[in-house]
Amino acid sequence: MTDKMLKFVELDLQTPTKRKADKRVDDFNEIYEQYLNEKAKEQSSRCSQCGVPFCQIHCPLHNNIPDWLKLAAEGRIEEASELAHSTNNMPEVCGRICPQDRLCEGNCVIEQSGHGTVTIGSIEKYITDTAWEKGWIKPLKIKKEIDQSIGIVGAGPAGLACAEELRKRGYKVTVYDRYDRSGGLLIYGIPNFKLEKFVVERRTNLLKKSGIVFKQKIEVGKNILLNDLRKKHDALLIATGVYKAREIELPGKNLKNIFPAMEFLTASNRKGLGDKVKDFDNGILNAENKNVIVIGGGDTAMDCVRTAIRQNAKSVKCLYRRDRENMPGSVREVYNAEEEGVEFIWLSRPNKFIGFEKVSSVLVEKMKLDKADSSGRKMPMPIPNSNFEIKADLVIKALGFDPEDLPKLFNDPNLSVSKWGTIKINLKTMETNIPGIFAAGDIVRGASLVVWAIRDGREAAEEIQKYLTQKRINKTKAA
Ligand SMILES: Cc1cc2nc3c(=O)[nH]c(=O)nc-3n(C[C@H](O)[C@H](O)[C@H](O)COP(=O)(O)OP(=O)(O)OC[C@H]3O[C@@H](n4cnc5c(N)ncnc54)[C@H](O)[C@@H]3O)c2cc1C
Ligand code: SF4
């Protein structure tokens with residue numbers, strides 16, 4: 001075993017907080033595979049099989065973690081993969097990008113007793129990646145086709161999970177998306193170094209082979225009205241996510257080279273997928289050789305700083321108005337970013353963008369934390385006369401996302417929305433106020449996580465099935 005192999009294996013299966021990005025497996029041979037197997041076994045067998053599985057309780061999908069860890073420890077990977085798939089439509093995706101420190105691993109009893117968590121996410125990824133490599137993951141075989149169809153608007157994790165679950169039950173499913181590729185934020189939001197795009201494409205190809213129809217570049221509300229789509233199908237699911245970037249009202253905000261996070265990340269992801277991206281190719285959205293400032297403290301901000309580092313930026317600074325302890329982003333991501341050379345300027349906020357036509361610097365004000373607000377978080381307050389200037393060639397705003405203007409987006413004034421602009425549903429049935437139209441994922445919850453979107457998609461499938469079964473019964477009675 002070479003040092004290089006050992007290093008990779010250590011990084012892949014050790015505590016996630018120590019994991020680094022961009023490690024590739026391609027050049028490792030069979031010895032590596034055996035070693036990885038052993039390492040997975042060793043990690044899996046660290047599970048104490050405690051009576052109350054806190055990891056499972058705190059996983060939004062309630063994955064049967066102790067049982068698949070036991071199977072992995074015994075080398076029964078195919079069975080472990082089947083078990084992992086029984087509750088999750090994309091275990092290899094969750095294994096890679098769930099914030100495990102806040103979910104399963106953060107609640108591992110071994111972690112709580114101070115011995116370092118069982119690396120659940122890495123093992124979930126290992127089990128599923130192995131299953132793909134060995135060809136154990138196959139398109140669905142439908143036992144009995146049902147003559148009812150469901151239209152799903154949005155090919156992100158919520159829409160895809162719902163589509164798969166309904167297809168499994170024999171329904172005809174068509175997925176509509178305004179993008180040219182399926183996957184939603186898995187494709188155009190989350191960077192390749194966290195989630196390789198082939199992993200997402202492999203899943204959507206499998207769904208196509210299972211008989212799900214994908215219609216890309218169809219924007220509901222523009223190319224087809226929601227109401228017309230409703231008439232085409234027996235039921236609809238809206239799973240369109242949240243995409244409106246929160247703005248920052250500051251002097252100089254219209255200067256060139258100030259971008260919302262998604263514009264920067266989408267350009268980078270498209271480039272990685274081999275697309276021609278004008279504003280990347282002409283250098284505007286490429287951080288190479290630039291002084292980059294990212295504003296925000298969430299996981300999207302972390303994705304931006306780490307993408308800028310990979311594009312060989314001259315310097316990358318992150319401005320956040322609270323301190324490290326009060327940051328919304330995952331601790332693991334901050335650690336990774338710092339290791340890669342990002343400088344965090346805690347307790348700071350931009351006050352003005354300076355420049356002639358293009359931004360050339362940002363005037364920054366220092367902050368201090370005051371009393372907690374009603375949510376329990378300490379309020380950041382500006383420190384008078386504390387302004388200082390930082391050089392900037394590219395500024396990226398990562399201040400969070402809100403829903404786009406609904407119901408205007410779908411051109412349907414009848415659809416009810418909440419005071420936050422998200423779609424209102426009956427929480428028991430997941431149905432909107434329009435009969436036969438359901439909703440799931442970020443468009444209901446607000447910006448959240450992939451694992452929650454998958455859970456919502458699965459639950460929506462169950463509710464849609466109930467609705468369609470009742471519809472069939474009513475039709476038979478009436479006939
Ligand atoms: C930069 C970034 C990084 C993230 N990193 C993580 C992470 O590491 N871990 C994690 O768990 N979560 C992460 N998230 C959050 C996660 O990606 C989302 O919670 C999840 O993708 C939501 O799934 P969804 O299916 O509800 O919506 P989306 O994934 O947003 O998919 C919605 C789909 O609907 C389509 N659509 C929208 N409007 C229309 C329309 N009118 N007509 C047709 N199609 C439409 C869109 O094109 C899109 O494909 C991240 C989010 C961002 C922005
Ligand atoms: S889906 Fe996420 S939270 Fe659940 S076991 Fe996997 S990594 Fe942990």
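These exercises walk through a predicted model, each with a worked solution.

Residues are numbered from 1 along each chain as its sequence is written, and chains are lettered from A and ligands numbered from 1 in the order in which they are written. In this predicted model, local features need pLDDT of at least 70, side-chain atom pairs count only at pLDDT 80 or more, and totals for chains, interfaces and linings use all residues, while side-chain values use heavy atoms, with hydrogens and water left out.

**Exercise 1. Describe the surroundings of ligand 1.**

Solution. 
- Start with the shell. A residue is near a molecule if one of its heavy atoms lies within 4 Å of it. Around ligand 1 there are 33 residues. The closest are Ile97, Asp177, Lys194, Val220 and Tyr243.
- Sort the shell by type. It has 18 nonpolar, nine polar and six charged residues. Here Ala, Val, Leu, Ile, Met, Phe, Trp, Tyr, Cys and Pro count as nonpolar, Asp, Glu, Lys and Arg as charged, and the others, Gly among them, as polar.
- Look for polar contacts (pairs of N or O atoms within 3.5 Å; within protein, one must be able to donate a hydrogen and the other to accept it, and residues adjacent in sequence count only if both atoms are side-chain atoms). A polar backbone atom of Pro157 is 3.3 Å from an oxygen atom of ligand 1. For a polar backbone atom of Ala158, the distance to an oxygen atom of ligand 1 is 3.0 Å. Asp177 uses its side chain: a polar atom there lies 2.6 Å from a ligand 1 oxygen.
- Check the cover. On its own, ligand 1 has 1,000 Å² of accessible area, and the protein covers 97% of that. The areas come from the Shrake-Rupley method with a 1.4 Å probe; for residues, only the protein chains shown count as cover.
- Name the elements. Helices H9 (157-168), H15 (299-310) and H18 (450-478) are the elements that give two or more residues to this shell. Helices (H or I, at least four residues) and strands (E, at least two) are DSSP runs, numbered from the N terminus.

**Exercise 2. Which residues surround ligand 2, and how do they divide by type?**

Solution. 
- List the shell. The residues are Cys59, Asn63, Ile65, Asn88, Cys94, Cys98, Gln100, Leu103, Cys104, Ile120, Glu124 and Val451.
- Divide them. Eight are nonpolar, three polar and one charged.

**Exercise 3. Find the nonpolar cores.**

Solution. 
- Recall the background. Nonpolar side chains tend to be buried together in soluble globular proteins.
- A nonpolar core is a set of buried Ala, Val, Leu, Ile, Met, Phe, Trp, Tyr and Cys residues joined through side-chain atoms within 4.5 Å. Buried means under 20% relative accessible area, exposed over 50%, and partly exposed in between (1.4 Å probe, protein chains only).
- Take the largest core. It holds 89 residues. Trp68, Leu186, Leu237, Ile423 and Ile464 touch the most other members. H18 gives this core its largest share, eight residues.
- Follow one member. Beyond four places in sequence, Ile464 touches Ile150, Cys162, Leu166, Ala235, Leu237 and Phe438. Contact means heavy atoms within 4.5 Å.
- Turn to the second core. This separate set has 28 residues, including Phe259, Phe280, Met327 and Phe344.
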